[in-house]
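Subject: Structure for your files

Hello,

Here is the structure I promised to pass on. My notes follow below it.

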2 protein chains.
Amino acid sequence: VFRTITSVFKRHGAVQIDTPVFELRETLLGKYGEDQKLIYDLKDQGGELLSLRYDLTVPLARYCGSNAVEKLKRFHIGKVYRRDEPQMNRGRFREFYQCDIDICGSYDPMLPDAEILAVLVEILGSLPLGGEGEGGGFMVKLNHRKLLDALMGSCGVPPEKFRAICSAIDKLDKEPWEAVRKEMVEVKGLDGGAADLIGGFVVNEALTSKACGGTAGLVAKMKTEQRLATGGGKPELAKMFEDACEDLLTLDMYLRNLGAADKIVLDLSLARGLDYYTGVIYEAVVLGAGVGSVAAGGRYDRLVGSFSSRDVPAVGVSIGVERVFAVIERRLGIAVAPPSADGETGAAASAPASGTMSTVRQNTTDVLVCGIGGEEVVQAKRLALTRMLWDAGIACEFVYKKNANLKRQMDLASEQKIPILAMVGGEEVQKGTVKVRRLFHSDAEREAAGGEDAEKEVKESELVAAI
Amino acid sequence: VFRTITSVFKRHGAVQIDTPVFELRETLLGKYGEDQKLIYDLKDQGGELLSLRYDLTVPLARYCGSNAVEKLKRFHIGKVYRRDEPQMNRGRFREFYQCDIDICGSYDPMLPDAEILAVLVEILGSLPLGGEGEGGGFMVKLNHRKLLDALMGSCGVPPEKFRAICSAIDKLDKEPWEAVRKEMVEVKGLDGGAADLIGGFVVNEALTSKACGGTAGLVAKMKTEQRLATGGGKPELAKMFEDACEDLLTLDMYLRNLGAADKIVLDLSLARGLDYYTGVIYEAVVLGAGVGSVAAGGRYDRLVGSFSSRDVPAVGVSIGVERVFAVIERRLGIAVAPPSADGETGAAASAPASGTMSTVRQNTTDVLVCGIGGEEVVQAKRLALTRMLWDAGIACEFVYKKNANLKRQMDLASEQKIPILAMVGGEEVQKGTVKVRRLFHSDAEREAAGGEDAEKEVKESELVAAI
């Protein structure tokens, strides 16, 4: 999975950049909305007040800001940290990998945005997420912050409540409208009438991509909505709405050119809780997987500027690898290479032995060098032959026993499915030879090789070539 | 460098295992001697008290202990965290990579130890650490905790002071004997006579590998030392000394068999500050590099047992990649791929722009797809062709401008040294063709290709093949 993601990132010309796992606490404050409480702070042990990175986006922006970077297309695969309740089966951890790609710099509208979405579709499309049927396993929900702001403003939400109401809308994928409306009115103090107006847009079957035949259709439909088109009587909101619509139409055209449009669905109820987005936002979900979104991102044109004197527009996406793993594992019914030995992450949880590691080996050893008999010359030769194979780049091992009998060594080879034995006894040492035996760990292997356990004796100097 | 290290680890049959970056604070306490103060603690925000890992060894032991692992040969490349003063030019950071390989399990004495040392020598020997002359650039100092304990005991150090005096001896590579003796006597409260007796062993030209012609010679020489041989009159110390000598001789024999002995130097003044070692200890230094040790390790037979009801003997080594980088950079006089974009690590330090990233690109883009002219069909074709190349696995990009002129696109290609242009204009779109041009970014490249800027026009369907 990591290899797939990295290769797509590179195919799009991105360079790999790493930023530190710590950031100054003040760097992270005010960036994550209500989820700010999930930031891990370090104890004040003298020196700066530090926190662990919550994502890879804010550190990138800090890096661009403090190094006066104006253009950068970078990717970063690294761990981030959140003080959350781990839910292993849903792929939620306190320490997890994000795979990010971002394009920073001033460019023509929507071209970088379209490439980022194309990258996302390309990556998810090349992973075994299942469901060749409807939607091909996954879809990417798309929305635009300006559209949301215009919509909220037109419905009578005061600007200072935009972010809070946005957070509430963001919960629509988990909660019914009634619960969200209640939060808006009772917790966030929004007028009930305004909440109902919002509901008329964000939970309205008629205002979906599906009902309107795609992004362009939905945009056209929205333009017929008087309240949106006039900004509820406020010209600046009408302009904002108009801008957002134009962005979405341009983006849709580019996505069609890039062959990525059929996975992208404009969805007015997508809000994204983070504070720093300023333009398009998106979230990828795997249909029927029940792990929440597997990737998310958007445009953040003013985040770099918060760390320096000038803004650098930027757009990016984060892929949550653990959630992707969770989906793949469930689909295939097997354990995919887990990103971490301690699945629970955060050591703290009571350690669940996810398969006893004591018997599971995943090494790639090709040769077991065996000594037959305990004479010192045999033991010395055993190590010297191993050395010779290592020097030739061959993965090999010997058992950590001075004079193990052959049976025991063969048992180990068969337990670990090592395919070749190189054997020396006193006689071979004298003759300067080695016995090489090919082992078959299944009938299929044996058949493929013609049925016999091939064993041959070669000169020491020919050992590497014989293997 | 990471690739070299990983390939050697795999060639020795190790499996890769990751452990979390957090550990319970109590897991880390009492493991690191006086350096315990360098552990980063997380703030108490509710939940467990956590710290960041200080190394990869204690987390491995905790993992083996809590998952009842009895045998494991694993490697782990990961970051560790220390509240230290960063010294960039010496390769010291607060966040840095360690590359560890460890062999856990009960085996015949010194066989796993010998392999770990062989791995270390193999890795360091394959890195461009320079100095083909004496010592081949690096050497590995070797000692044995039991030898040190027997030595200290024989000289009259009470057992409860062993670790403290060990820490003092450990500073001999940075401080003269007088300063170390002073610390022993004035800070650690050791009897002056005992300190002098220790000095007679650990700073004695006659008791070095060099003077005695290697490990076996030095061991033989030590055996003639009455005080060591008799344990200062204490039979249990004499036995301990005898055991350590036998271990060292056995190890020396295996190392000779494995062809790694000539890099290993028994050194009585090597002590290692960490609490958990119980057998052989070692440290690799690059001759004349001034970065301290680049790798260190040893045997820790009781660490796993501290996390479970049964001991699992183990031995391992950690390689400090940043220090290796520092050495290579200094030798070659160039900047080697830095492990992190923010060299200073810990974000907190005042950001030093180590080369303005705004102009440096390190991507691997092979093709720039160019549109000539602003017509919509050209722009659409530009993106569609890019899509075609991506699908074919070719790394390509387009400029984020709607109708960039060709000059501008060629400038970008030449700035980023992209070797191939794929160009479409209105005419090509009509004919269904693409112009492919090979660019030369240096005279050498041009000459190698026969001197001419090759440009050809191919059918769209033949574009992938033409590139």
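What does the accessible surface of chain A come to, and how much of it belongs to carbon and sulfur atoms? The figure is about 18700 Å², of which 50% belongs to carbon and sulfur atoms; accessible areas come from the Shrake-Rupley method with a 1.4 Å probe, and for residues only the protein chains shown count as cover.

Some conventions before the rest. This is a predicted model, in which local features need pLDDT of at least 70 and side-chain atom pairs count only at pLDDT 80 or more, while totals for chains, interfaces and linings use all residues. Residues are numbered from 1 along each chain as its sequence is written, chains are lettered from A and ligands numbered from 1 in the order in which they are written, and side-chain values use heavy atoms, with hydrogens and water left out.

Chain A overall

Chain A has 18 helices and 15 strands. Both are DSSP runs numbered from the N terminus: helices are H or I with at least four residues, strands E with at least two. Of the 467 residues in chain A, 54% are buried. Buried means under 20% relative accessible area, exposed over 50%, and partly exposed in between, with a 1.4 Å probe and protein chains only. Taking contacts in chain A between residues at least 6 apart in sequence, 66% join residues at least 24 apart; a contact means heavy atoms within 4.5 Å.

The two copies

Chain A superposes on chain B by a rotation of 180° with 0.0 Å of shift along its axis, at an RMSD of 0.1 Å. The two copies are therefore related as by a two-fold rotation axis. The same surface serves both, since 100% of the contact residues of chain A recur in chain B.

A sheet in chain B

Chain B holds an open sheet of 5 strands, in the order S12-S11-S13-S14-S15, with mixed pairing. Its edge strands are S12 (396-397) and S15, each pairing on one side only. Helix H14 (residues 376-391) of chain B packs on this sheet and touches S11 (367-372), S12, S13 and S14; its direction makes about 165° with that of S11(B). Axes are lines fitted to C-alpha atoms, for helices over the stretch in contact, and angles run from 0 to 180 degrees between N-to-C directions.

S13 (residues 420-425) and S14 (residues 433-438) of chain B are antiparallel, over 4 bridges; two strands pair if DSSP finds at least two bridges between them. Ile420(B) stands opposite Arg438(B), and Ala422(B) opposite Val436(B). S14(B) also pairs with S15 (residues 455-459) of chain B, again antiparallel, over 5 bridges. There, Arg437(B) has Glu455(B) as its bridge partner.

Single residues and cysteines

Thr57(A) lies in helix H3 (residues 57-66) of chain A and is buried, at 7% relative accessible area. Among the residues that Thr57(A) touches are Asp100(A), Asp102(A), Tyr276(A) and Ser318(A).

How many disulfides are there over all chains? The search finds 0, a disulfide being a pair of cysteine sulfur atoms within 2.5 Å. For Cys64(A), the closest cysteine sulfur is in Cys104(A), 4.1 Å away and so too far for a bond. Cys64(A) is buried, with a relative accessible area of 2%. Cys155(A) also counts as buried, at 3%.

Regards

Technical notes: Least-squares fit on C-alpha atoms with pLDDT ≥ 70 in both. Lists of a residue's contacts leave out its neighbours within four places in sequence.
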